[in-house]
Amino acid sequence: MWFTQMCAGVLHLIIQSSIVRLLLLSSLPLLTAAQKPSNSSLPNVLFIVADDLGWNDVSWHNPLIHSPAMEELARSGVMLDQYYVQPTCTPSRVAMMTGKYPYRTGRQHMYIKPLMPTGIPTNVPLMPQYFQQAGYTTHGIGKWHLGFCHQNYTPTYRGFDSFYGFYLGSQDYYLHSKYYQYESQKQLTSGYDFRFNEAILQGPEVRGKYSADLFVQRARNIFQGVQQQKKAGSQTKPWFTYLSFQSVHDPLQVPHSYKQNVCKYRDLSRYFYSAMVSSLDHAVDQVVKSLKETGQYENTVIVFTTDNGGAVKVGGSNLPLRGTKGTLYEGGTRAIGFIHSPLLRKSGYTSSSLMHAVDWLPTLMSAIGQKGLAVSATDGIDQWSHLSSRTSSQPREEVVYNIKEKPFMAAIRVGNYKLIWGSRTEKNKWFPAMEQVENEVLCNITLRTRSKSVQSLEQTPRDMLTMDVLNLGIDSDRDYWEEEDQLAALQELDMELEQEEGSLVEVKEVTEEMEGRSERVKRGANKNMRRKWRQQRAYWRRKGRQGGKKGWKKNKGNKKGNKGGGGGGKKNKNRKKNFIIPNNHGVKIRSWGKSQVFDLVSDPNEKVDLASSRPDLVKMLQHRAMEHYLHLRPRDVPPESVLGDPVRWGGYYGPGWCHPRTVTLD
Ligand SMILES: [Ca+2]
């Protein structure tokens, strides 16, 4: 069996890794090595993040989409064609902010739910802290979604001199509040979530105003402030601005004027969503224009990135890529991204070398002449000289899409080849873009007459009267958790069954057996036993699907009931051994689910699974994935706490109801 064959290799890796860990620990005097810059001409950095913007949601991939400003920036900058992020919000933002794959800090699992008492471990330095260390002023604008239950998790305690935005992952675009059902959907709550630094901001200048407009206005204020300081002859510091738009995450709300820029589709969610992309494009355009107006464009590096693939359930599209937000397929993880700056030595080209969100931290440190500062960016690779000078080197050969222990799920790309290991999602399709138009003639007129580049410069944030809204009656993010929870319960049930059968053992307990009697282990159980186990699992799977989530929990606790079925109870010396492998941090993992392998160069849309024809590739890629797995921290997903309910905090989502945590670093 592939898994048993791998065990000896993994044991070797465990030993190797301990040595590597010791070496890494000795190289972590965080934030101590920087040399303060001596002049104020260092480049500013504007880091723009779009939320849930899919591969097929930009005009340079889909001419029906209206994003002329972003397209111009991308085409005249460096377009990233092989750029990856994590499948969901929080993990991607962790990767960008820390330069570490999220599995190193326990943040590999989905996203932080609104009332989940956790965040990024407070001893892990974030990107703005490094910019501060380099002498920069740092500003956070927009969505945070990296934890807020304790003040030490919030932006102004994590390296931002200022913060203007919201702590959660989504909210009403105008009202800045969020209705939320927690504790298995039994309780409904709601709260307001908008702040300037730590203070609640809820006057009429904010409440009822469209978030993209507010964020543009805040960015403009920052740029104008710097310009005024310069005019007054004051010394100014270079700045880092993290501009994290809410757009184009659901709910589907958009000022109605943007609907003039898109065709009306029969599918209203795609129609509204497309208008929201046009709104995002306008916002980006205004921010860049403000940079130019205030004389700072020439000395600014602009990064644009999405945080994960499009959410097809609310109108996003990733075609021709496979899958959707939340999946390990390319549609969930291959990202829209580009760099734009007059400071690039070479620009106006598309880079086809591999890049991952973890690379931004060392890349930007290099861009501002602080190469080597970001010592804690364990997984990030400095791509600055490669991208800015278009060198022929390929700095990165491997990308980890994600690794999770429960349910077991891992994906990795090495060179051309990608392994998806253990994914059992049903969102594995090539979802159509839902762009059937209502009226071809009107659509053609729209495409011909809509603005190509120059758009009006809005100065005032728009109010509720401008709002068009499509209420889908769903919380798209909840959907991902429910699937994950069900798969995790299914995996747990499988393991319980096997433990009762005596067929599941830990590697460390059977080392001798592996060495001395490995051949017998490999031969596995007899055919009858295998058949019975398969029947048993199929039965529980069917039962779980019928009974839903509650059914799973009930089944899980009913060990005696499980034990009675299938091939339970009988002793068989030739029984197959399935192995649990503990890693460096006490996480026990058992491979679960099939492997898929794709050649992403010849098959970027993941149509042809090579797993059965290329067992050599499966083995090689699994070994690489297991090497990463050794460093995985236990997933940090505490149950949601009633203590954070806004009802207890004057109607606001805010800190004060948890203890911050740290994590051992390697
Ligand atoms: Ca997202």
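Helices (H or I, at least four residues) and strands (E, at least two) are DSSP runs here, numbered from the N terminus. Residues are numbered from 1 along each chain as its sequence is written. Please keep in mind that this is a predicted model: local features need pLDDT of at least 70, side-chain atom pairs count only at pLDDT 80 or more, and totals for chains, interfaces and linings use all residues.

1. Overall picture. The protein chain holds 15 helices and 23 strands. Of its 666 residues, 51% are buried, where buried means 20 or more other C-beta atoms within 10 Å of the residue's own, exposed means 12 or fewer, and partly exposed lies in between, with C-beta atoms placed from the backbone. Two residues are in contact if their C-beta atoms, placed from the backbone, lie within 7 Å. Among contacts between residues at least 6 apart in sequence, 75% join residues at least 24 apart.

2. Confidence. pLDDT is the predictor's confidence in each residue, from 0 to 100. The chain has a mean of 86, and 82% of its residues reach 70 or more. Over residues 510–530 the value is below 50, and the model gives this stretch 24 contacts beyond near neighbours in sequence. Residues 13–38 also stay under 50, with 32 contacts beyond four places in sequence. Where pLDDT is low, the predicted coordinates should not be read in detail.

3. Helix H3 and what follows. Helix H3 (residues 89–98) is largely enclosed by the rest of the structure, because 10 of its 10 residues are buried. Its buried residues, including Arg93 and Met96, pack against helix H4 (127–133), helix H8 (360–367) and strand S16 (398–405). Just after H3, glycine 99 takes a positive phi of about 70°. In the loop between H3 and H4 sits methionine 110, whose phi is near 50°, a positive value in a residue other than glycine. Methionine 110 counts as buried, with 23 C-beta neighbours inside 10 Å.

4. Which way do the side chains of S10 point? Trp239, Thr241 and Leu243 go one way, Phe240, Tyr242 and Ser244 the other, and all are buried. Two strands pair if DSSP finds at least two bridges between them. Strand S1 (residues 44–50) runs parallel to S10 and is joined to it by five bridges, with valine 45 partnered by phenylalanine 240. Strand S4 (residues 137–143) also pairs with S10 in the parallel sense, over six bridges; here isoleucine 141 stands opposite leucine 243.

5. Backbone geometry to check. Most residues other than glycine have a negative phi, and most peptide bonds are trans. Serine 247 and valine 248 are joined by a cis peptide bond, with omega about 10°; valine 248 belongs to the loop between S10 and strand S11 (252–255). The bond from leucine 319 to proline 320 is cis too, with omega near 0°. Methionine 434 has a positive phi near 55° and is partly exposed, with 17 other C-beta atoms within 10 Å.

6. A three-stranded sheet. S20, S21 and S22 form an open sheet in that order, with mixed pairing. Strand S20 (504–506) and strand S22 (588–589) stand at the edges with a single partner each, so one side of each has no neighbour in the sheet. Strand S21 (residues 578–582) runs antiparallel to S22, and two bridges join them; proline 582 stands opposite lysine 588.
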